[in-house]
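The sequence and structure come next.

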Amino acid sequence: MAAAAPGRKRKYVGAGAESEAEPRPSPGSLWSCGRAGFEHHFPGRLGDCEAAAPAAPSGEDMSNDDDAAPTAAEAAGDTHLLGFSDEILLHILSHVPSTDLVLNVRRTCRKLAALCLDKSLVHTVLLQKDYQASEDKVKQLVKEIGREIQQLNMAGCYWLSGSTIEHVARCHSLVKVNLSGCHLTSLRLSKVLSALQHLRSLAIDVSPGFDASQLSSECKATLSRVRELKQTLFTPSYGVVPCCASLQKLLLYFEILDRTREGAVLSGQLMVGQSNVPHYQNLRVFYARLAPGYINQEVVRLYLAVLSDRTPENLHAFLISVPGSFAESGATKNLLDSMARNVALDALQLPKSWLNGSALLQHMKFNNPFYFSFSRCTLSGGHLIQRVINGGKDLRSLASLNLSGCVHCLSADSALRKAEDDIDSGILETLVESCCNLHHLNLSAAHHHSPNGPGRHLCQLLARLRHLRSLSLPVCSVADSAPRPDRAPAPPAMHAVPRGFGKKVRVGVQTCPNPFAGQSAPQPASVFWALLKTLPFLEHLELIGSNFSSAMPRNEPAIRNSLPPCSRAQNVGDSEVAAIGQLAFLRHLTLAQLPGVLTGSGLVSIGLQCQQLQSLSLANLGMMGKVVYMPALADMLKHCKRLKDLRLEQPYFSANAQFFQALGQCSSLQRLCLVSRSGTLQPDAVLAFMARCLQVVVCHMFTGESLTTCKSLQQSLLRSFQAERPALNVIIFPLLHEGLTDVIRDVPMVHLDEITLFKSRVAEEPPNLWW
């Protein structure tokens, strides 16, 4: 059997020794489906392969034919695809969805039949976001390679029935399985886990109706050996935590709503079977993320109560993410005091109320920390330097830092500082020098205004962080200087301004990743342009207005009014947006509340040069009340062939035929979310777009249309496309309707968290926290 293809391995925040795995890229990136996809990417070669290595008769298992003679394709060297070495072919095949790999590509020829069953491909199976994985395909996949699978990721496979998920029980060699977002009752979970004696890592949902007393003794025996548990709670419960006596890593996601659909208020009293005492004695990683709501805070306190009695000696990561305020109790205070005395952490995140005005950080011990999050804390720059960085202490181990919403973190004294005051460049310089190996940095949701003077601008200092891969900044922080009466307005981008939907713009094929080759660079003295020039490998960039808030928050009615943008943000316009085109490896881009955008011409530069772009989120560009960038957006979308997710939030947006015609050219698009107060849509254009873009499985539109129009369109979409797209999720609903909250609760969590709701995602969690 061929050797596994070499590749970059990921380190996990794991239990005990750091485990290593080599996860494959997301499905769908090479073959769209077996033979058709093969012929699409390698035209003419499939016939050569089949002629040189004829396929086995229908129904014959070709995987055991190790004695087959070398084929003509192999002898022809690099003339044919199969002339590549096994290592290269395995790397290519690692980009194919597991269902296509086993059920289609494997049957192409004898050589591929053998390679498709190589252990490097079948030991880890990723069905997450494989939206074409139907019930029958998953069952057949498990039937053919179930015994070989050791790691299985089915997170977010909400379209699969419980009976199909039950087939996981046939994968007896499983060591790690992710079933988050899958339909599982207590009885089905018991049946599945009872057959998985080697399981050490588990991710599940705990939904209303869960009953731990229905778990069999064999299931509890399996759980007693589980070391890593990720549990998403939709109801007050301990779930399976009391059964996991060997836990070393615990991730908890609290998604409990305060009221039922009928309006009944839920209680935080936990209903468990025979035990309500979690086993934390071996715990190394504790992570809890709470959705808004008092009941989530009530339930997490019950989980923390046991920790406060006895802090695990080996605890090295303690993270609690809470929106809003979360009052400190006597138990939590005891827990923090115990942690300060007994453990040395390498990852820390605490609710803002636990840190504000507290000397806790001064007493906390850290051991080669890799992740800090002080999101929304009133931590001043002086305290940051003294208590965290310890006056410039070496923090080269720190890989990820979240200072989102820390409005005073770059100023010496928070008591006297106003939002519009300049930052202290010395504090930022100390931060950059001490944390020189940062890969992920979030400074959003604050006014970080740079003082005048050479080398003192925030962008100039951040340019020293050459290892950055993801960066989130407030829009006003990238402006060259404060607006002055004598300052001329920024010149428009050098790219030709798009001329609308009807006329095509002739563009030459760019052979160099520099979008400004052959022409003068936009704003050559721009500090933002210079910053991006020093970060050519940046993959994730967010520019978010300091005062921006989405019109559709979580578990609340839509926001009707928004705060005006920062005055300095007016200096950030089309030229700065065009500068983003330098990032040839950019995959995820968010632009929100940029009032200085005049035509949107910089978007065309991004579309032309950022060919790896997979996720795009645009919100409130240009002056409110006018959608000035539509022609540019249309021209941009023509070039976004790898774009999978598009989120667009803009008041008064007209989702008409011209928009959907342009969007239809994004051949890889899978998810679309449109949020527009007083916006309109054209039903016929939506239907034509969905018929053209066959991979789209998420269509969320929240506009100003009437409830009748929205319901009619939603029913038409489901009736027309549900049968062919099992994962299809369609929600068309008036944005300002009082029933919006009830509608949102039905969105699968994978889509709600990743595209429907707006949020900053840079350094949101420690890198590689779970899978």
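## Helix α16 against helix α17

In this predicted model, helix α16 spans residues 381–388 and helix α17 spans residues 425–434. Their axes come within 10 Å and cross at roughly 30 degrees. Angles under 35 degrees count as roughly parallel, so α16 is roughly parallel to α17. The crossing of α16 past α17 is left-handed.

Which residues of α16 and α17 make the contact? On α16 they are Gly381, Gly382, Leu384 and Ile385. On α17 they are Ile427, Thr430 and Leu431. By class, four residues in this contact of α16 with α17 are nonpolar and three are polar. None is charged.

## Aromatic pairs

A pair of aromatic rings is described by the distance of the centres and the angle of the planes. The count comes to 15 aromatic pairs. One of them joins Tyr280 and Phe286. Their ring centres lie 6.3 Å apart, with 80 degrees between the planes. Planes over 60 degrees apart count as edge-to-face, so the pair of Tyr280 and Phe286 is edge-to-face. Tyr280 and Phe286 are both buried.

Ring pairs also build a cluster. Its members are Phe653, Phe659, Phe660 and Phe689.

## Ser601

Ser601 belongs to helix α21, residues 601–609. Is Ser601 buried or exposed? Its relative accessible area is 1%. Buried means under 20%, so Ser601 is buried.

Definitions and conventions
Residues are numbered from 1 along each chain as its sequence is written. This is a predicted model: local features need pLDDT of at least 70, side-chain atom pairs count only at pLDDT 80 or more; totals for chains, interfaces and linings use all residues. Side-chain values use heavy atoms; hydrogens and water are left out. Axes are lines fitted to C-alpha atoms, for helices over the stretch in contact, and angles run from 0 to 180 degrees between N-to-C directions. Helices (H or I, at least four residues) and strands (E, at least two) are DSSP runs, numbered from the N terminus. Angles under 35 degrees count as roughly parallel, over 145 as roughly antiparallel, 65 to 115 as roughly perpendicular and the rest as oblique. A crossing is left-handed if the near helix is turned anticlockwise from the far one by less than a right angle, and right-handed if clockwise. Contact means heavy atoms within 4.5 Å. Ala, Val, Leu, Ile, Met, Phe, Trp, Tyr, Cys and Pro count as nonpolar, Asp, Glu, Lys and Arg as charged, and the others, Gly among them, as polar. Rings of Phe, Tyr and Trp (its six-membered ring) pair if their centres lie within 6.5 Å; planes under 30 degrees apart count as stacked, over 60 as edge-to-face and the rest as tilted. Buried means under 20% relative accessible area, exposed over 50%, partly exposed in between (1.4 Å probe, protein chains only).
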